[in-house]
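Visitor: I'd like to go through this one with you. Can we start with the terms?

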Amino acid sequence: MDGENLRKRGLFADTACSRCGEPETLDHILFHCEFAEDVWKAGPWKDVVSTGNSSTFKTLIQEARKWTNLPPNGITGNAFPWFVWSIWTARNLWVFENRKTTPLETSVKAITSQKKWEQAQSNRPETTTNRDLTPSLQLSLINESTIFCNTDAAWRSDQQAAGLGWIFIDRHTQVLHQGSIGQRNVPSAYMAEALAIREALIQASSYNYTDICLRTDSEELARAITMIRRSTELFGILSDIDSLVFSPSSPFRSCAVAFTPRARNGPANSLAKAYLVSFLGLRP
Ligand SMILES: [Zn+2]
């Protein structure tokens, strides 16, 4: 995750910090807000970390490599990304679910999540090379065993129903599995696309795929998942996707979400459309 990049994409335009009312920049949320400063101060490091006004994402991510963890915390890797993630999650809980967490709770959450994740990694011998990578960095991982999955959704506004389609392809473009299902009470096309991705992840785990690259022709959605952006509408479903991919018990070793142009997503689109038609008992 790159702070500049997030900012350039306008994620924090014109909004005020829900805690203190200052302009809500990424650096503010993560470092400069009094809440964030207190979280970092409660961190596991030998020296107290100060994230005062002059520090930025870029300078801190570099400095963090030199921070030494205190042994009793039981974590070995760089805790910086886990603190970023925990503060970000606390911000989202506050903004979207009105749930308050204290700086200490947020700090403890970062450490326990990291500890769980590190333990899960060490139980899986083939992941040793990924050990120092945080979940968000893993998003950019594509390797030889990566299975690609094109997903798409067809949606009918009058019926509030969607057909969801997915096709798993190996790196030699051989089709491994494909499928489709229908779902009712889907309020938008965007939601339908997100449901297709979630379904594809569930299917992928049932086939024991560990490295997966999902492709969607919704550029906005690909960005939402990759950039951990959260619209209120999709918050629940994106949280589901997060926990499928990033929880310590996640079946996935790496997971990427990529945008693919509609023209190259034809087969998945046909599956989704065909299912929706039969699902609703319509004539094609
Ligand atoms: Zn603030």
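Guide: Buried means under 20% relative accessible area, exposed means over 50%, and partly exposed is in between, with a 1.4 Å probe and protein chains only. The model is predicted, so local features need pLDDT of at least 70 and side-chain atom pairs pLDDT 80 or more, while totals for chains, interfaces and linings use all residues. Numbering starts from 1 along each chain as its sequence is written, and side-chain values use heavy atoms, without hydrogens or water.

Visitor: How many helices and strands does the chain have?

Guide: Eleven helices and five strands. These are DSSP runs numbered from the N terminus: H or I with at least four residues for helices, E with at least two for strands.

Visitor: What share of the chain is buried?

Guide: Buried residues are 47% of the 284. The chain exposes about 14,200 Å², with carbon and sulfur atoms supplying 51% of that. The areas are Shrake-Rupley values with a 1.4 Å probe; for residues, only the protein chains shown count as cover.

Visitor: And what about contacts between residues 24 or more positions apart?

Guide: They make up 66% of the contacts with a separation of 6 or more. Contact here is heavy atoms within 4.5 Å.

Visitor: On to the metal. What are the protein donors of the zinc ion?

Guide: Cys17 and Cys20 through SG, His28 through NE2, and Cys33 through SG. They lie 2.1 to 2.3 Å from the zinc ion. A donor is an N, O or S atom within 2.8 Å of the metal (3.2 Å for Na, K and Ca); water is not among the atoms, so sites may look incomplete.

Visitor: What spacing do the donors follow along the chain?

Guide: C-x2-C-x7-H-x4-C. Cys20 sits in the loop between α1 (3-8) and α2 (26-32), and Cys33 in the loop between α2 and α3, so this pair ties together parts 13 residues apart in sequence.

Visitor: Cys20 and Cys33: buried or exposed?

Guide: Cys33 is buried, at 3% relative accessibility. Cys20 is partly exposed, at 41%.

Visitor: What is the geometry of the zinc site?

Guide: Tetrahedral, with angles of 97 to 122° among the four donor atoms. Four donors get that label if all angles lie between 85 and 135 degrees. The ideal angle for four tetrahedral donors is 109.5 degrees.

Visitor: Now helix α3. Which of its residues are buried?

Guide: In α3 (residues 34-41) they are Phe35, Ala36, Val39 and Trp40. They cover an arc of only 135° around the axis, so they are on the same side of α3. The arc is taken from the directions from the helix axis to the C-beta atoms.

Visitor: Why would residues three or four places apart point the same way?

Guide: Because an α-helix has 3.6 residues a turn.

Visitor: Where is Ala42?

Guide: In the loop between α3 and α4. Ala42 is partly exposed, at 27% relative accessibility. Beyond four places in sequence, Ala42 touches Leu104 and Ser107. Ala42 and Val108 are 66 residues apart in sequence, yet 8.3 Å apart C-alpha to C-alpha.

Visitor: What does the side chain of Asn69 join up with?

Guide: The side chain of Trp45, through a polar contact of 3.4 Å. A polar contact is a pair of N or O atoms within 3.5 Å; within protein, one must be able to donate a hydrogen and the other to accept it, and residues adjacent in sequence count only if both atoms are side-chain atoms. A polar atom of the Asn69 side chain also lies 3.0 Å from the backbone oxygen of Gly77.

Visitor: And where is Asn69 found?

Guide: In the loop between α4 (57-63) and α5 (80-97). Asn69 is buried, with a relative accessible area of 17%.

Visitor: What about Asn269, where is that?

Guide: In helix α11 (residues 266-279). Asn269 is buried too, with a relative accessible area of 17%. Leaving out residues up to four places away, Asn269 touches Asp152 and Ala153.

Visitor: Last topic, backbone. Which way does phi of Gln160 go, positive or negative?

Guide: Positive, near 50°. Gln160 lies in the loop between β1 (147-156) and β2 (161-169) and is partly exposed, at 30%. Asn185 has a positive phi as well, near 60°. Asn185 is in the loop between β3 (175-184) and α8 and is exposed, at 71%. Most residues other than glycine have a negative phi.

Conventions: Tetrahedral: all angles 85-135°; square planar, octahedral: opposite > 155°, others 65-115°.
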